[in-house]
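Subject: Structure for your review

Dear colleague,

Please find the structure below, followed by an account of what was found in it. I would be grateful if you could read the account with the coordinates open.

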Amino acid sequence: MSEERRIFKAAILTASDKGSRGERVDLSGPAIQEMIEPEGYTVTEYKIVPDDQETLESEMKRIADEGIADIIFTTGGTGFSMRDVTPEATIAVSDRLVPGIPEAMRAYSMTITNKAMLSRAAAGIRKQTLIVNMPGSPKAVKESLEFILPPLRHGLEILLGEASECARK
């Protein structure tokens, strides 16, 4: 008996100064898309933006407020550089924070590399859109997504009011 799975709308925002100027090819955004589409997500928007808090906030607000996506995956801008402001933008636009998602990604990634402790990734909810900061490297994106994708589906179902009572227990 095959159960019909809901298709979730996803947006991908890559934060990269060089990428936004066409000086670097984005590998992490496509890595996210490659992993989420077979899991029942359709990418409704993919954009490369500069590492600029105002721009990131504006894009996240637009996507969430206009209902363009149920989830926004960001990639890049979560490190220690002065231009790494993706977590600050995410926190600024979120109605509620979801600390368990980046905590889980860091904990899992720590089993692979101790540099995972340097991630400042955040996650939050704006209206009915979940925002998740992913790492900037394609390898770290893949490792993190492998770990968080299964429970994300349930979280989105709850957020959108579609989770069955038995699934919540």
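In helix H5, the buried residues are Ile 101, Pro 102, Met 105 and Ser 109, where buried means under 20% relative accessible area, with exposed being over 50% and partly exposed in between (1.4 Å probe, protein chains only). Viewed down the axis of H5, these buried residues fall within an arc of 95 degrees, so they line one face of the helix; the arc is that of the directions from the helix axis to the C-beta atoms. The cover over the buried residues of H5 includes E5, E6 and H6, contact being defined as heavy atoms within 4.5 Å. Helices (H or I, at least four residues) and strands (E, at least two) are DSSP runs, numbered from the N terminus.

Please note that this is a predicted model, in which local features need pLDDT of at least 70 and side-chain atom pairs count only at pLDDT 80 or more, while totals for chains, interfaces and linings use all residues. Residues are numbered from 1 along each chain as its sequence is written, and side-chain values use heavy atoms, with hydrogens and water left out.

Helix packing

Two packed helices are described by the angle between their axes and the distance between the axes. Here the axes are lines fitted to C-alpha atoms, for helices over the stretch in contact, and angles run from 0 to 180 degrees between N-to-C directions. Angles under 35 degrees count as roughly parallel, over 145 as roughly antiparallel, 65 to 115 as roughly perpendicular and the rest as oblique. A crossing is left-handed if the near helix is turned anticlockwise from the far one by less than a right angle, and right-handed if clockwise.

H5 (residues 100-110) packs on H6 at an angle of about 140 degrees, and their axes are 9 Å apart. This makes H5 oblique to H6. The crossing of H5 past H6 is right-handed. On the H5 side the contact is made by Ile 101, Ala 104, Met 105, Tyr 108 and Ser 109, and on the H6 side by Glu 143, Ser 144, Phe 147, Ile 148 and Leu 152. Seven of the residues in this contact of H5 with H6 are nonpolar, two polar and one charged. In this division Ala, Val, Leu, Ile, Met, Phe, Trp, Tyr, Cys and Pro count as nonpolar, Asp, Glu, Lys and Arg as charged, and the others, Gly among them, as polar.

H6 (residues 138-159) also meets H2 (residues 28-36): the axes of H2 and H6 come within 9 Å and cross at roughly 30 degrees. H2 and H6 are therefore roughly parallel to each other, and H2 passes H6 in a right-handed crossing. H2 contributes Ser 28, Ala 31, Ile 32, Glu 34, Met 35 and Ile 36 to the contact, and H6 contributes Pro 138, Val 141, Lys 142, Leu 145, Glu 146 and Leu 149. The residues of this contact of H2 with H6 comprise eight nonpolar, one polar and three charged.

Within H2, the buried residues are Ser 28, Gly 29, Ala 31, Ile 32, Met 35 and Ile 36. Down the axis of H2 they fall within an arc of 160 degrees, so they line one face of the helix. Their cover includes E1, strand E2 (41-49), E3, E6 and H6.

The axes of H3 (residues 53-65) and H4 (residues 86-93) come within 9 Å and cross at roughly 45 degrees. H3 and H4 are therefore oblique to each other, and their crossing is right-handed. In H4, Thr 86, Pro 87, Ala 89, Thr 90 and Val 93 are buried. Seen down the axis of H4, these residues fall within an arc of 160 degrees, so they line one face of the helix. They pack against strand E1 (8-15), H3, strand E3 (71-75), strand E5 (123-126) and strand E6 (129-134).

Two loop residues

Asp 26 lies in the loop between helix H1 (17-20) and H2. Its relative accessibility is 12%, so Asp 26 counts as buried. Leaving out residues up to four places away in sequence, Asp 26 touches Thr 14, Tyr 46 and Ile 48.

Lys 127 is in the loop between E5 and E6. The phi of Lys 127 is near 55 degrees, a positive value in a residue other than glycine. Most residues other than glycine have a negative phi. Neighbours within four places in sequence aside, Lys 127 is in contact with Asp 65, Asp 95 and Leu 159.

Yours sincerely
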